[in-house]
Every structure is written in structure tokens, then in C-alpha cells.
Amino acid sequence: MSGNEVIAEVKNLRTYFHVPEGVVRAVDGVDLVIKPGRTLGVVGESGCGKSVTALSLMRLVPSPGRIEGGEIIYYQSVRETSASSLSDIIDITRLKPNSREIRAIRGNHISMVFQEPMAAMLPVRTVGSQIMEAITLHQNVSHQEARERAIEMLARVNLPNPDRIVDNYPFQLSGGMRQRAVIAMALSCNPHLLIADEPTTALDVTTEAQILDLMRKLQADYNMAIMFITHNLGVIAEMADEVAVMYLGKVVEQTDIRSIFINPLHPYTQALLRSIPQLDDVMTRSGERRQLHTIKGMVPDPYTVLKGCPFHPRCPHFMSEVCDQVVPEVIEAEPDHIVRCHLYAPSPEEAQTRKEAML
Amino acid sequence: MLAYIIRRILRAFPQIILISILTFIIIQLPPGDLVTQQILNLQASGVEVSQQHAEMLMRQYGLDRPMHERYLLWIGNIVTRFDFGYSYAWQKPVAEVIMDRMGYTFAIALLSAILTWVVAIPVGIFVAVKQYSITDYFVTFMTFIGMAVPGFFLAMVIMYVALTRFGIRVGGLFSPEYMVQPWSWGKFLDLLSNLWLPVVLLGIGGTAGTIRTMRAMMLDELRKLYVTVARAKGLSETQILVRYPVRVAINPIISGLMWLLPWLFSGGLLVEIVLNLPTAGPALYSALLAQDMHMAGAYILIVGALTIVSAIFSDILLAVSDPRIRFGAVEGA
């Protein structure tokens with residue numbers, strides 16, 4: 001792939017947590033491709049590894065988590081020059097956590113916005129000082145220039161009276177305003193990639209719509225790539241160009257936004273889509289409430305490694321002797337539509353041969 | 001901010017008045033007063049005290065007037081002339097006895113407070129960052145010992161060991177040869193060479209406690225999201241520590257300042273007695289034993305007033321360091 005098309009590539013990433021109870025394979029072989037100016041949506045239930053994937057990209061995985069394998073290739077100069085030299089291609093997994101190299105990337109090339117706007121800023125320092133910190137860290141500017149840049153950023157995220165808010169403390173802002181300020185902070189150094197980890201989950205619906213609008217507008221302005229993590233498929237439909245569905249540390253289906261909603265292939269994706277509450281569905285004319293569709297069973301406990309497909313205990317299309325024995329490979333079932341499921345194996349015989357090869 | 005400070009200071013006045021009234025009641029409680037003491041004293045030295053003489057003394061000290069008038073007289077003298085009355089035991093005005101010893105009291109307490117912070121804050125931060133490391137376990141063990149062993153006991157052990165094993169005299173602030181000499185460079189150096197022991201002994205308990213507080217606060221703060229956000233900005237670990245969690249974790253230490261001033265007077269009393277230091281604490285303690293009521297009154301009043309003053313002091317510092325207090329905000333999340 002040429003440097004012009006891709007900004008970052010995650011290849012077979014594995015991030016494990018070594019806890020006394022055992023090993024939690026939070027991310028277990030994830031492949032993702034992130035393109036400039038595009039939004040990659042990552043969906044899945046709680047605990048499916050979507051946040052850990054994001055943290056791995058910035059080497060922010062908290063202890064006792066560790067990247068055990070795989071690559072995260074970052075094409076550093078993708079926007080500055082068209083000809084990419086070798087040194088501009090960085091494997092983030094090879095950098096030491098908290099090394100000078102990764103710190104130069106954090107906040108500067110890759111930024112992150114977190115779920116809780118209320119907790120993302122230190123309450124005892126002004127909003128402005130926390131934004132200016134990122135600017136002076138990565139850019140050679142004076143205090144005054146950094147302050148002007150911070151005010152400019154606060155204006156860009158549509159905060160009223162940015163020259164006053166710059167001297168406000170975080171607790172003086174509402175949740176929505178605070179998330180705008182956090183986004184301003186993340187974008188203050190014009191990052192090439194913005195990782196948004198459920199940035200609107202803690203906000204009310206009206207504010208959520210405003211923030212999503214704002215992020216789309218800023219993305220167009222800066223030609224920035226966004227990795228948007230959420231469990232909310234409605235938000236995904238609004239934001240993403242491409243979608244990766246994760247289940248238990250693996251990407252089970254990945255394709256463009258239309259295909260995922262119109263033609264979902266993986267049984268898990270299909271079940272997720274059926275679980276979205278529909279207003280006209282829930283309230284029938286007769287006034288009785290219909291039961292919301294749920295996925296049967298629970299996410300299995302994280303310490304056991306399931307044999308075969310991780311979704312098999314909950315899958316409605318469970319095929320005995322196949323799904324509980326053989327790990328499904330990535331299959332390109334349709335052009336640009338990949339899925340990890342035995343249902344789409346070229347032929348059942350081939351699945352059978354693979355199973356025999358493993359036994 | 002200014003309004004907050006003024007409000008805070010105004011609020012202290014009724015508290016101080018209440019404390020002075022309580023103090024006065026306390027010193028009136030025991031039977032006998034200055035005049036009875038003096039009469040007894042005169043009689044003991046063979047002087048016959050007539051009824052008129054006794055009444056004259058009573059009038060002289062205002063003891064014939066009702067309680068509230070005597071209170072006003074007492075507090076009036078203190079406020080206007082810094083006159084705490086006369087110490088029977090010392091045969092000197094109370095103010096003079098205390099002032100003589102005030103300098104050393106402040107010097108020792110301030111130095112041990114500074115020692116406490118200089119040692120405890122960095123160590124507390126360090127062991128929080130290295131939680132469950134060998135250093136952490138070692139420091140935790142030492143802090144428990146430091147908190148559990150009373151300072152006066154440690155002082156006695158050190159004095160005993162120094163004297164029996166090394167033949168060094170420990171205690172007091174001056175070597176015998178400088179004890180009565182006027183101030184000189186030599187005397188100052190001698191003071192320094194004797195000062196470290198009480199400073200360290202008085203500081204140990206506070207240091208151990210402050211390390212525990214700092215460690216616990218830091219462990220709380222290090223888990224907060226804003227630390228990860230700061231890391232995601234590209235700050236180095238040291239920059240993150242100083243600019244983020246420490247800013248919040250330091251708050252209990254600042255509120256702890258409230259105990260600094262009263263502790264100047266009473267905190268290290270036992271250590272001061274054991275080490276035979278010329279500070280205010282032991283003098284006031286012996287006054288209590290001798291029923292020297294003006295002296296005792298001064299003691300209670302000063303400790304009470306200092307508590308209130310340092311509460312104001314720490315509240316103002318806290319408001320400077322934490323804008324949430326300044327703006328009276330209630331944190332939502």
C-alpha cells in the first residue's frame with residue numbers, strides 16, 4: 001500500500017493482560033487500516049477489546065497489559081511529502097512506552113479523546129493552561145502564541161467567548177462544553193489521526209449530535225483520520241466510512257458503512273443490529289411493549305480461551321464439530337467485505353479439511 | 001478571592017472570643033487564686049498578713065469584682081498591652097517567660113515541619129508511583145514504625161545510647177560552656193550542633209504520617225483519567241506527576257498546616273521535656289502542675305488562638321491551590 005492512502009496500519013495486534021487469575025487476551029490478532037480523511041468505526045460490546053486496541057496505538061496500555069505481538073505501522077509523513085522514506089514509517093509496537101519517540105507522536109501526530117469529559121481535565125488548572133501545554137510541548141512557540149492558538153482552537157470547537165473560557169476552570173463548564181474543550185485540546189497540534197473512544201457516551205443526545213457534527217466538520221477541515229470507538233450503532237451509522245466489528249479481541253467483520261447495515265454477514269453483527277431498539281417496533285399500536293431482541297448467553301469469562309470461534313456458544317448458526325473446533329480464518333466473502341465465520345468458508349469440505357489438519 | 005479571605009477572617013473573631021471565655025472559666029475553676037497564694041507565701045516567710053492587707057491585695061488584682069468584669073480586665077490587658085498577668089511560679093510576668101522561649105520554639109518546630117515536607121512529599125510520591133515495589137514495602141514498614149514509636153521514647157533511647165556507649169551528652173540546646181554566655185558565632189554553631197536532634201525527633205511522627213497520606217492520595221489520583229489524558233498529550237512521566245496528580249494530592253498536606261501552629265506549642269511537649277529544651281511547652285506544662293493559673297490561661301489561650309489562626313492560614317492556602325474552593329464549586333463528577 002502506498003503512503004498516500006494509508007495513515008496507520010494495525011497488523012495482527014495482540015495485547016494481553018497478565019493478571020493473577022490468568023491471561024486476558026484483550027486484543028487477539030486485530031488487523032485494521034486507517035486512511036486519511038476517513039473515519040473507521042470500531043464497534044463491539046463492553047470488554048471486546050476496542051478501547052485496548054486504541055490505547056495500544058498510543059502505547060498507553062496500562063499495566064499489567066502488554067503488547068505481545070503484531071505491528072502498528074504509522075506512516076509519519078503521509079501528509080507532508082508524497083515520497084515516503086523508510087525512517088518515516090514507524091512501527092509503534094517497537095517503541096519503548098514513554099520513550100521520547102512515542103511522546104513526540106502522542107498529542108502531536110495521534111491524539112485521543114476519551115469517554116468521560118468530566119474526568120479528562122485536571123480540576124485545579126485552567127482549561128487554557130491544559131491546552132497550551134500540548135502546544136508548547138510539540139511546537140516551538142512562545143507562551144503568548146500558544147495562548148492565542150488555544151483561544152483559536154476553543155473558537156473552532158464553537159465554544160462561546162473563547163477568550164474567557166481559556167481562563168476558566170474545567171468545573172465551570174458543562175459536560176458538553178468540556179468535551180468540546182477536550183476535543184480542542186486533542187486537535188491543538190493538528191493531529192493526523194484522532195482516536196475517539198466513545199466521546200459522546202457520557203453526553204445527552206442533543207449534545208451528542210452537536211459534538212458528532214463538530215467532529216465531522218473538523219475532520220473535513222483538517223483532512224484528519226478518525227478512529228471512532230463506540231458501542232452505539234446509531235452513532236456509527238452517522239460517523240463512520242468503514243466499520244470493524246469486534247468480539248472478544250478479534251475483528252469478526254469489516255467493511256464499508258453501507259454493507260454493514262444492509263448486508264451484515266457475521267451472525268454477531270446480525271444479532272447486534274437486531275438488538276437496536278426501534279421506536280415503532282417497541283411501541284405497537286395496541287400499546288403493549290414488545291420484548292427487545294437480545295443476544296443469548298453472556299460474554300464468556302475473559303480467562304478461558306475458547307476453542308474454535310469465540311462466538312460459537314452464543315451463535316444461532318452454530319455448526320457442531322466445526323465452530324467449536326476450528327478457529328475461523330479471515331474470509332473476503334465479498335469485495336472489501338471480510339468476515340471471520342465458517343458460514344462463508346469457500347466450501348464446507350474445505351472447513352472440514354482445515355479441521356482435520358488441526359487435529 | 002479577597003472577599004473569601006475577609007469572610008474567613010471575620011468568621012474567626014467569634015471563635016477566638018469564645019475560646020478566651022472558656023479559657024477564663026477554666027482558670028477560675030480550681031480553688032484559690034493569686035492572692036491566697038501570695039498570702040500563704042508571706043505567712044510562710046513569717047509575715048503576718050492582716051485582713052486589710054489581704055483586701056488591699058484583692059482590690060489591687062481586681063479580685064473583688066464580679067467575674068465578667070474580671071474577664072474583661074484580663075482579656076483587655078492581653079489585647080491592649082500583651083499582658084497575660086503575673087506568673088507566681090516564675091516570679092515574672094507571664095509574657096516575659098513565654099517570649100524568652102518563643103524563638104526556640106518557633107525555630108525547632110518550623111525546622112522539623114520543613115524537614116517533614118522535604119522528606120515526606122517526595123518519598124510519598126515515589127512510593128505511590130512504585131506501588132508494591134521493594135522500596136514501597138520498606139518505606140511502608142518504616143512509616144508504621146515511625147508512627148508507632150513515640151518521639152519521647154526515641155529521645156530517651158538516643159540519650160541513653162549516646163551517653164552510655166559514646167559518652168556524648170545529649171539534651172538541651174546549648175553545651176554547658178555556652179549556656180550562660182552572650183550570643184556569639186561559637187554559641188550559634190553550638191546551637192546548630194544541638195538543634196538537629198530535637199528537630200529530627202519532632203519530625204519523625206509527622207514525616208511517617210505525611211508519607212502515608214501522600215502515598216494514598218497519589219494512588220487515588222494516579223488512576224484518574226486526566227493522568228492518561230496528560231500522557232496522551234505527550235508529556236513525560238515527571239512532567240505529568242508534577243503538573244497533574246501532585247497538584248491535587250498535596251491538598252491534605254495543606255489542610256494539615258492547620259495543626260502546625262498549635263503543634264509548635266504543644267505537639268512535641270514530651271520530647272521537649274525529655275530533652276530539656278528551653279522552649280515554651282515545658283514551661284507552660286510546669287505552670288499547669290504548679291497551679292500557676294495566669295500562666296496556664298496564657299497557654300490554653302495561645303494554643304487555641306493559634307489553632308484558629310492556622311486554620312485561616314491553611315484555608316487561604318487551600319483556596320489558592322484549589323480553585324474549586326475559591327469558587328465554591330461542587331464537583332459533579
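Is Glu45(A) buried, partly exposed or exposed? In this predicted model, Glu45(A) is partly exposed, with a relative accessible area of 23%; buried means under 20% relative accessible area, exposed over 50%, and partly exposed in between (1.4 Å probe, protein chains only).

Residues are numbered from 1 along each chain as its sequence is written, and chains are lettered from A and ligands numbered from 1 in the order in which they are written.

**Salt bridges**

A salt bridge is a side-chain nitrogen of Lys or Arg within 4 Å of a carboxyl oxygen of Asp or Glu. Over all chains, a search of the whole structure finds 21 salt bridges.

| Pair | N to O distance |
|---|---|
| Lys11(A) and Glu71(A) | 3.9 Å |
| Arg314(A) and Glu45(A) | 3.5 Å |
| Arg216(A) and Asp213(A) | 2.8 Å |

The side chain of Glu45(A) meets that of Arg314(A) in a salt bridge. This pair links distant parts of the chain, 269 residues apart: Arg314(A) is in the loop between helix H11 (279-282) and strand E11 (331-334) of chain A, and Glu45(A) is in the loop between strand E3 (39-43) and helix H1 (50-57) of chain A. Helices (H or I, at least four residues) and strands (E, at least two) are DSSP runs, numbered from the N terminus. Arg314(A) counts as buried, at 6% relative accessibility.

Lys11(A) forms a salt bridge with Glu71(A). Here the partners are 60 residues apart, Lys11(A) in strand E1 (residues 8-19) and Glu71(A) in strand E4 (residues 65-75) of chain A. Lys11(A) is partly exposed at 32% relative accessible area, and Glu71(A) is partly exposed at 28%.

Arg216(A) and Asp213(A) are separated by about one helical turn because they are three residues apart in helix H7 (residues 205-222) of chain A. Arg216(A) counts as partly exposed at 29% relative accessibility, and Asp213(A) is partly exposed with a relative accessible area of 44%.

**The interface of chain A and chain B**

The contact (heavy atoms within 4.5 Å) takes 27 residues from chain A and 25 residues from chain B. About 2,400 Å² is buried between the chains, and carbon and sulfur atoms give 68% of this area; buried area is the accessible area (1.4 Å probe) that two parts lose on being put together, summed over both. Across this interface the rule finds two salt bridges. Arg125(A), Glu133(A), Lys233(B) and Arg243(B) are linked in a network of salt bridges.

**Two loop residues of chain A**

His266(A) lies in the loop between helix H9 (257-262) and helix H10 (267-274) and is buried, with a relative accessible area of 2%. Beyond residues up to four places away in sequence, His266(A) touches several residues, among them Val252(A), Phe311(A) and Tyr344(A). Leu343(A), in the loop between strand E12 (337-339) and helix H12 (348-358), is partly exposed at 36% relative accessible area. With the same exclusion of residues up to four places away in sequence, Leu343(A) touches Pro267(A), His317(A) and Met319(A).

**Chain B**

The secondary structure of chain B comes to 17 helices and two strands. Of the 333 residues in chain B, 41% are buried.

Methods. This is a predicted model: local features need pLDDT of at least 70, side-chain atom pairs count only at pLDDT 80 or more; totals for chains, interfaces and linings use all residues. Side-chain values use heavy atoms; hydrogens and water are left out.
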